[in-house]
Amino acid sequence: MGHLLSTNGLRLKKRPQTLRKKKKRRSCFLRGPCMLCFFIRGSSSSDGFEAECHSDSGLAKLSSPEDCAKFLLSPAELALWECQGRSLLSSVPARLIGPPALFCTDYSEMVCKRKSGEPQPLAPCKQPRSASQETTESEEDEKSTSQSLLPQLCPLPSSSSSSFSEEQESSLVGLQVDSGHNLSNDKNLDISSSSSSSCLLTHCSAAEEGKSAEITDTSRINHLPSSILLKVFSHLSVKERCLSASLVCKYWRDLCLDFQFWKQIDLSGLRQVRDDLLVKIASWKQNVTELNISDCRNVEDYGVCTLATQCPGLLKYTAYRCKQLSDESLCAVAWHCPLLQKVHVGNQDKLSDHALKQLGEHCPELKDIHFGQCYNVSDEGLIALAKGCPKLQRIYMQENKLVTDRSVQAFAEHCPELQFVGFMGCSVTSQGVIHLTRLRNLSSLDLRHISELNNETVMEVVRNCRNLSSLNLCLNWSINDRCVEIIAKEGRSLKELYLVSCKITDYALIAIGQYSSTIETVDAGWCKEITDQGATQIAKSSKSLRYLGLMRCDKVSEETVERLVLQYPHIVFSTVMQDCKRTLERAYQMGWSPNTSTAS
C-alpha cells in the first residue's frame with residue numbers, strides 16, 4: 001500500500017533495481033515516510049498484495065496524507081483485511097498502540113508530518129590536520145572550518161536521544177524482526193555514534209594542539225615589543241646589525257634602520273666602506289650626531305661632504321689615519337655642521353691650516369680637538385682656531401713640528417676652560433709652557449718629549465694649577481729628583497705621575513712616598529738609577545700608591561719584586577716578569593691551556 005502512495009509508484013515495475021538503490025528517496029507528499037506506509041511495507045511481502053493495491057481504482061484519488069489515513073482506516077478497508085485473516089496493525093507492537101485511541105475520529109493526528117526524528121546519515125569523518133599546518137593558515141580559516149565541520153561531522157549526542165534509544169531498544173528489535181530486517185542496522189547505528197564521538201574527541205584534541213601551537217608561536221622573539229628588540233639590537237655593533245641582524249627578516253631590517261642606531265655611526269676599521277655607503281646613510285637618516293670613519297681607507301672627500309650636507313646636527317667627527325682625506329672634507333663638516341663639538345682627525349698628511357681656520361670661523365661650540373701627526377698644521381691655523389673657539393676644553397697635538405710657543409700662548413689666553421692639554425713632541429719650550437699657569441681648570445697635562453723644558457717651569461705649573469690630577473713628563477732628561485720632590489709636595493690633587501726615562505734616583509721615589517698622600521700611579525720605567533731601596537721605601541711609606549712601574553729598571557732585582565708582591569698585595573708592580581705572569585693568568589682564566597695551543 002505504501003508503494004502506491006510514493007512518488008515513484010507508477011514506475012515501480014519498470015525500474016525495480018533503481019528503486020532498491022533509491023529506496024531512501026521514497027516518501028509521501030511531504031518528503032517523509034508515513035508511519036502507516038512503514039508498517040504496511042514491513043508486513044506485506046507478497047506480490048499479490050501489490051497487484052491488488054495497484055489495481056484498486058480508489059487509491060488514485062488520494063491526494064494528501066489525511067486522505068491516505070482515512071482510506072486505510074475506513075470500515076470497508078478494515079473489513080477487507082479481516083476477511084483475508086490479517087489485521088492492518090498486526091505488525092505494530094502492543095506497547096506502541098494505546099487502547100482505543102487509535103480508532104478516534106480524527107485520523108490526521110496519526111500521520112507523521114516530517115522525518116524530523118530519524119537520525120541523519122553521518123558524513124565521513126576527516127582526519128584533523130597537524131598543528132604545524134594549522135598554524136600556517138590564517139585565523140579566519142580556522143574559525144570557519146571549526147564552525148562548519150564540527151556540527152556536521154561530529155554531532156554531539158543529546159541526553160534525550162540516548163534515553164530514547166535505551167527505552168525503545170527492545171521495541172525497535174521487535175519492529176525490525178517483524179519487518180524482516182536484521183540486527184546489523186542496530187550495530188551500524190552504534191558504530192556511527194561511536195565514530196561520531198571519536199571524531200569529536202579527535203577534533204577537540206586537534207583544536208587543543210592548535211591552541212598550544214599558537215601559544216608557542218606567540219613566544220617567538222618577533223612577538224616581543226619593538227622597544228625590547230631595539231634594546232637588544234643596541235648591544236650590536238654597526239657591522240653586526242648591517243651584515244647579520246638586518247638579513248634575518250624585513251621586520252629586523254626595519255628595526256636595524258631605526259633612527260636611534262644611526263645617531264652614532266661607528267665604521268672604524270671597516271676597509272670595505274666606500275662613499276656610496278655614506279651617501280645612502282645620508283639619504284636614509286638626517287639626524288646623525290656622531291661619525292667615526294677611522295682607518296676607512298676607501299672613503300674619499302665626496303662621501304664625507306655628502307653626509308655633512310645632509311646631517312646639520314653632527315656633533316662628533318672622528319677620522320684617524322684617513323690619509324686620503326684633505327681639507328675639502330673637513331671644510332664641508334665645518335660649513336654644514338655649526339653645532340660641531342668634537343673633531344679628531346689625527347694622522348692626516350693632507351690637512352692644513354685652511355681647514356682649521358674654517359673650524360674656528362663656523363664652529364664656535366667646538367670643545368675637543370685632536371690634530372696629532374698632522375704635519376702641515378702650524379701656528380697660523382691653531383691661533384685662528386683658538387680665537388674662534390673659546391669653549392675648548394681638550395686639545396691634543398703630537399709630533400707637530402710646526403707648532404711652537406705661540407700656539408700654546410694663544411690657547412692659554414683665548415680658551416680659559418681648557419682641562420686637557422697635550423703638546424707631545426711639538427716645538428714647545430718652557431717659555432710657552434709657562435703660559436699654562438693661567439688655566440685654573442687644567443686637570444691633565446702631557447709634556448712628553450719637550451726638548452727645552454726646565455724644572456722651574458714644571459714646578460710653577462704645579463703650584464698654580466691646583467686641579468691638576470695627571471702629569472706626564474716622560475722622555476724629559478732634564479727632570480730631576482728636586483723637581484719630583486716639589487711636585488709631591490705641591491701637587492695636592494695629583495693622582496698620576498709618569499716619569500719614564502727621566503733623570504731620577506731612589507730619592508725621588510722616597511720623596512713621593514713621604515710627601516704625597518694622593519698619588520696612586522707612579523711609572524718610573526727605564527730609570528737606570530732606581531734600585532731595590534727606592535722600590536721598597538715607596539711601597540712601605542706611601543698609603544695611596546696602587547701602581548708602581550719598574551719596567552727595565554735593571555738595578556731592581558726580581559727577588560725583591562716577588563717579595564714586595566707578597567708583602568703589599570694591593571700594589572701592582574710592573575716588570576717584565578710580572579707582566580708575563582699576569583698575562584698568562586688572564587689566559588688561563590679565559591680557558592687557554594698549553595696543550596690546546598700546541599695542538600692548534
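These notebook entries record what I looked up in one predicted model.

**Entry 1. Overall composition**

I began with the secondary structure and noted 28 helices and 13 strands in the protein. I then looked up burial: of the 600 residues, 41% count as buried. For the contacts, I took those with a sequence separation of 6 or more, and found that residues 24 or more positions apart account for 73% of them.

**Entry 2. The largest nonpolar core**

Next I asked how many residues the largest nonpolar core has. The core has 115 residues, and those with the most contacts inside it are Ile293, Tyr317, Phe371, Phe411 and Leu471. I looked up which element gives the largest share, and this is helix 23 (residues 481-490), with five residues. The core also draws at least three residues from each of domain 1 (225-261) and domain 2 (265-351).

I followed one of the core residues further. Setting aside residues up to four places away in sequence, isoleucine 293 touches Val299, Val304, Tyr317, Thr318, Ala319, Cys322 and Leu325.

**Entry 3. Helix 22 against helix 23**

I turned to helix packing, where two packed helices are described by the angle between their axes and the distance between the axes. For helix 22 (residues 455-464) and helix 23, I noted an angle of about 5 degrees, with the axes 9 Å apart. Helix 22 is therefore roughly parallel to helix 23, as angles under 35 degrees count as such.

Which residues make this contact? Helix 22 contributes Asn455, Glu456, Val458, Met459, Val462 and Arg463, and helix 23 contributes Arg482, Cys483, Ile486, Ile487 and Glu490. Sorted by class, I recorded six nonpolar residues, one polar residue and four charged residues in the contact of helix 22 with helix 23.

I also listed the buried residues of helix 22, which are Asn455, Thr457, Val458, Met459, Val461 and Val462. These buried residues pack against helix 21 (430-433), strand 8 (444-446), strand 9 (470-472) and helix 23.

**Entry 4. Helix 23 against helix 24**

I repeated the look-up for helix 23 and helix 24 (residues 506-515). Their axes come within 9 Å and cross at roughly 10 degrees. This makes helix 23 roughly parallel to helix 24. From helix 23, Asp481, Val484, Glu485, Ala488 and Lys489 meet Tyr507, Ala508, Ala511, Ile512 and Tyr515 of helix 24. By class, I counted seven nonpolar, no polar and three charged residues in the contact of helix 23 with helix 24.

Not counting residues up to four places away in sequence, glutamate 485 touches Tyr507, Ala511 and Tyr515.

I then examined the covering of helix 24. Seven of its 10 residues are buried, and helix 24 is thus mostly covered. The buried residues are Asp506, Ala508, Leu509, Ile510, Ala511, Ile512 and Gly513. Their cover includes helix 23, strand 10 (496-498), strand 11 (521-523) and helix 25 (532-541).

Glutamine 373 has a phi of about 60 degrees, and its place is in the loop between strand 5 (368-370) and helix 19 (379-388). With a relative accessible area of 25%, glutamine 373 is partly exposed.

Serine 501 also has a positive phi, near 60 degrees. Serine 501 lies in the loop between strand 10 and helix 24. At 13% relative accessibility, serine 501 counts as buried.

**Entry 5. Methionine 424**

Last, I asked where methionine 424 lies. Methionine 424 is in strand 7 (residues 420-424) and is buried, with a relative accessible area of 13%. Leaving out residues up to four places away in sequence, I found methionine 424 touching Tyr396, Met397, Gln398, Glu399, Asp446 and Arg448.

Key
Residues are numbered from 1 along each chain as its sequence is written. This is a predicted model: local features need pLDDT of at least 70, side-chain atom pairs count only at pLDDT 80 or more; totals for chains, interfaces and linings use all residues. Side-chain values use heavy atoms; hydrogens and water are left out. A nonpolar core is a set of buried Ala, Val, Leu, Ile, Met, Phe, Trp, Tyr and Cys residues joined through side-chain atoms within 4.5 Å. Buried means under 20% relative accessible area, exposed over 50%, partly exposed in between (1.4 Å probe, protein chains only). Helices (H or I, at least four residues) and strands (E, at least two) are DSSP runs, numbered from the N terminus. Domain bounds come from an automatic or database domain assignment. Contact means heavy atoms within 4.5 Å. Axes are lines fitted to C-alpha atoms, for helices over the stretch in contact, and angles run from 0 to 180 degrees between N-to-C directions. Angles under 35 degrees count as roughly parallel, over 145 as roughly antiparallel, 65 to 115 as roughly perpendicular and the rest as oblique. Ala, Val, Leu, Ile, Met, Phe, Trp, Tyr, Cys and Pro count as nonpolar, Asp, Glu, Lys and Arg as charged, and the others, Gly among them, as polar.
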